[in-house]
Amino acid sequence: LPVFFCFFLGFPRLWLLWIGGYAISPGPSSPDSRIEIVIPHRSSITEIEHILADKKVIMDDRRFSMLAILTGAAKKLRAGEYRFETGKRPLATIDLLKKGKVLYRPVTMPEGTEMLKVADILEAENWIDRTKFLDMAYDPEFLREMGVEADSLEGYLFPDTYYLSKGQQNEEGIIRIMVTKHFQIYNKFIR
């Protein structure tokens, strides 16, 4: 009976050592000193783990998910585009994803750019699916929801330089950013 208790009292400690050792061990080495990845919006912890392992940011090891759950970060990991230094410890990787330290890239819409050209620019830089974007741009229900009193978003996509992170904004998100900017400027100077 004492052996039985010793075994079960020691097992949780061994398990914590196993997880703790993984948490502070360096990630895999790579010929590249930096690795850029995109974590898509609404990715599960398992999907994030697979993305990171496929890109050699972490070792392919279930302990990553366990560590994220154990630290309370599993549901707090944020979507977006990230740059990782090779050899980063799993705990540091989780911390970076939890803080959402994403890469933002400038996307410029020149003044006078028509809606179809906006869709072309965004598609060419892999921000959107052009068809989805234009479907939303002509959707009467979506236009009403956005406060647009017109047949399309033509004239409502404000020309500016926007800083976006891949994986964070989809077609709807980008449209909302541009239309919100339009109304901010309109309300500030016109009303």
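**Notes on the structure**

1. Tyr156 has a relative accessible area of 17% and is therefore buried, since the cut-off for a buried residue is under 20%. It should be kept in mind throughout that this is a predicted model.

2. Two aromatic pairs are found when the whole structure is searched. One of them joins Tyr156 and Phe183 in a tilted arrangement, with 5.9 Å from centre to centre and 50° between the planes. Tyr156 belongs to the loop between helix 7 and strand 4, whereas Phe183 belongs to helix 8, so the pair ties together parts that lie 27 residues apart in sequence.

3. At the start of helix 8, the backbone nitrogen of Glu172 has a side-chain oxygen of Asn170 within 3.2 Å.

4. Which residues of helix 8 are buried? They are Glu171, Ile174, Ile175, Met178, Val179, His182 and Phe183. Viewed down the axis of helix 8, these buried residues fall within an arc of 165°, so they line one face of the helix. As a general point, an α-helix has 3.6 residues a turn, so residues three or four places apart point the same way.

5. What covers the buried residues of helix 8? The covering elements include helix 5 (115-124), helix 6 (130-137), helix 7 (140-146) and strand 4 (161-164).

6. Helix 4 (residues 90-99) may be read in a similar manner. Its buried residues are Pro90, Thr93, Ile94, Leu96 and Leu97. These cover an arc of only 160° around the axis, which puts them on the same side of helix 4. Just after helix 4 comes Gly100, with a positive phi of about 70°.

7. Ser65 is located in helix 3 (residues 63-70). Is Ser65 buried or exposed? Its relative accessibility is 3%, so Ser65 counts as buried. When its neighbours within four places in sequence are left aside, Ser65 is in contact with Ile45, Thr46 and Glu49.

8. Lys166 lies over the face of Trp127, at a distance of 4.2 Å from the ring centre.

Note on methods. Residues are numbered from 1 along each chain as its sequence is written. This is a predicted model: local features need pLDDT of at least 70, side-chain atom pairs count only at pLDDT 80 or more; totals for chains, interfaces and linings use all residues. Side-chain values use heavy atoms; hydrogens and water are left out. Buried means under 20% relative accessible area, exposed over 50%, partly exposed in between (1.4 Å probe, protein chains only). Helices (H or I, at least four residues) and strands (E, at least two) are DSSP runs, numbered from the N terminus. The arc is that of the directions from the helix axis to the C-beta atoms. Contact means heavy atoms within 4.5 Å. A polar contact is a pair of N or O atoms within 3.5 Å; within protein, one must be able to donate a hydrogen and the other to accept it, and residues adjacent in sequence count only if both atoms are side-chain atoms. Rings of Phe, Tyr and Trp (its six-membered ring) pair if their centres lie within 6.5 Å; planes under 30 degrees apart count as stacked, over 60 as edge-to-face and the rest as tilted. A charge sits over a ring if NZ of Lys or CZ of Arg is within 6 Å of the ring centre and within 35 degrees of the ring normal.
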